[in-house]
Amino acid sequence: MSTELNIFAPVKDKLQACIHCGLCLDFCPTYRVTSEEMSSPRGRIYLMKAVADGELAIDDPLVIKHELSCLVCRACETACPSGVEFSLLMEHTREAILNNGSRGFIHQFIYTKVIGSKTITKAAQILLALLSKTRFPILFKKTFPIKSGLFSSIAILPEEIPFPTTRPDVYRTSKIVRRGTVGLLVGCIGDVFTKPINDATITVLNALGYDVLTLPEIQCCGSLAAHAGYLDQTRSLATKLLETIERNTIDAFITNIAGCGAMMKDYSSLLHDNLHSEAINKIKDISEFLLGHIEEIKQLGLRFNKHTRISYQAPCHLYHGQKNIDTPAQLLSLIGNANVSLLEENDICCGSAGTYNLEYPELSATLLRRKMELIAGNGSEIVATANSGCLMQLKSGLDGRQNNQQIYHFIEVIASIIY
Ligand code: SF4
Ligand code: SF4
């Protein structure tokens, strides 16, 4: 059996679940942009089957083009009446493409050596912090309001990148009523690009009476690597992360990044075992964890000084990946003087999708443009989301526009009014 057929063997039955009904097509962002059947979930599954049946080679240009241009947003899973596990199928497809050598050396180096390496991340952060001091990213964004082509990676950079610092191992609550201890996934690049989100998460958890462990031995959850098909790399990161959870006495392991949460909750299928089910059950998105603390949040007396309209854009990996449709919006509704609504088409991807905005800048920019039209027309003062990648993507769309809208992770909004 050829390598690609071997790789599809564990999921070949799952490919049969697709009944070709086409109900997923209108929900697929790449199909909406291209109108090409092969860029739809159904078309991609056809191609996977053709490879699994030996009718097409894994390095056929059609396969490479359409399987790699998928956002893995999982909107097709929500729409599918037949329960097709699309993201699992896509991970195997990408692993087969990878094993065939169709990805270059630089791609492999980035995903296996750079992502998850604290030393390389620190060195890159110093360089980026220096770059941000030159004000070049600000000038660049003013010139190219919505990112395009080659320069997309500069366009999504935050204007301020801090120099690396070492977080304490534990942030203790100052509340008299101590409710417990939780771990936080700081993230492999979370403190580089979106440190305020981690700070805000700690502020809210401390305010609710939780000590927060930062667990520095955790490198990365592996979601970016899995997205690109590096499943062995992901398995090794996953095992390390789960063993760290098991070694520590914590009530929950919290993430504020929807893509990481979706990946970690799926570790059992990735590892093909149930050995770590207790640790996996502790993994919670911050919104999911806070939903169990509604009364305590009400006691914080959160309130805006003036009437504030907020619209919520759901990250795909929270909405479709974790089936957590609107919990962040529910939590924001607890704030006095807040008027919260869901952004129109909030279940459609903003084009961020891990590193998609770097690899497919044109498609990503088209999706972002649509999102920015909806945001501009909606008139909210604040747009809230629940994932750092979406936050950076949406902010890059807002840069250079003359309006007063602000984009935040929802936990930053809550933390900003805790006194
Ligand atoms: S994961 Fe998203 S982009 Fe990929 S096929 Fe499904 S709906 Fe389309
Ligand atoms: S993936 Fe699901 S919704 Fe899409 S064509 Fe197949 S069965 Fe129908």
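## Helix 13

The buried residues of helix 13 are I197, N198, A200, T201, I202, V204, L205 and A207. Buried means 20 or more other C-beta atoms within 10 Å of the residue's own, exposed means 12 or fewer, and partly exposed lies in between, with C-beta atoms placed from the backbone. Helices (H or I, at least four residues) and strands (E, at least two) are DSSP runs, numbered from the N terminus.

The model is predicted: local features need pLDDT of at least 70, side-chain atom pairs count only at pLDDT 80 or more, and totals for chains, interfaces and linings use all residues. Residues are numbered from 1 along each chain as its sequence is written, while chains are lettered from A and ligands numbered from 1 in the order in which they are written.

Helix 13 covers residues 195-207, 13 residues in total. Its length agrees with expectation, because 1.5 Å a residue predicts 18 Å and the end C-alpha atoms are 18 Å apart. The expected span is 1.5 Å times one less than the number of residues. Just after the helix, G209 takes a positive phi of about 95 degrees. E296 itself is found in helix 20 (residues 294-299).

## The whole chain

The chain holds 26 helices and nine strands. Its radius of gyration is 21 Å, close to the 22 Å of the globule rule for 419 residues, so the chain is as compact as a globular protein of that length. That radius is taken over C-alpha atoms, and the rule is 2.2 Å times the number of residues to the power 0.38. Along its principal axes the C-alpha trace spans about 65 × 50 × 45 Å. Of the 419 residues, 46% count as buried.

Among contacts with a separation of 6 or more, 78% join residues 24 or more positions apart. A contact means C-beta atoms, placed from the backbone, within 7 Å.

The largest nonpolar core has 115 residues. Such a core is a set of buried Ala, Val, Leu, Ile, Met, Phe, Trp, Tyr and Cys residues joined through C-beta atoms within 7 Å. A75, L332, C349, A384 and F410 touch the most other members. Leaving out residues up to four places away in sequence, A75 touches F27, C28, P29, C316, H320, D347, I348 and C349.

## Two ligand shells

Ala, Val, Leu, Ile, Met, Phe, Trp, Tyr, Cys and Pro count as nonpolar, Asp, Glu, Lys and Arg as charged, and the others, Gly among them, as polar.

Ligand 2 has 15 residues around it, and C18, C21, C24, C80 and S82 come nearest. Helix 4 and helix 6 are the elements that give two or more residues to this shell. Helix 4 gives the largest share, three residues. The class count here is 11 nonpolar, three polar and one charged.

## Selected residues

| Residue | Other C-beta atoms within 10 Å | Class |
|---|---|---|
| S39 | 22 neighbours | buried |
| R74 | 24 atoms | buried |
| E37 | 14 atoms | partly exposed |
| E296 | 15 atoms | partly exposed |
| K323 | 11 atoms | exposed |

S39 sits in the loop between helix 3 and helix 4. S39 touches T30, Y31, T34, H66 and S69, not counting residues up to four places away in sequence. S39 and L68 are 29 residues apart in sequence, yet 9.8 Å apart C-alpha to C-alpha. E37 occupies the loop between helix 3 and helix 4 too. E37 lies 8.4 Å from L25, C-alpha to C-alpha, at a sequence distance of 12 residues.

Backbone angles pick out two further positions. Most residues other than glycine have a negative phi. R74, not a glycine, has a positive phi near 70 degrees. R74 is in the loop between helix 5 (61-68) and helix 6. K323 is not a glycine either, and its phi is positive at about 55 degrees. K323 belongs to the loop between helix 21 (316-319) and helix 22 (327-332).

Conventions:
A residue is near a molecule or strand if its C-beta atom, placed from the backbone, lies within 6 Å of it. Two residues are in contact if their C-beta atoms, placed from the backbone, lie within 7 Å.
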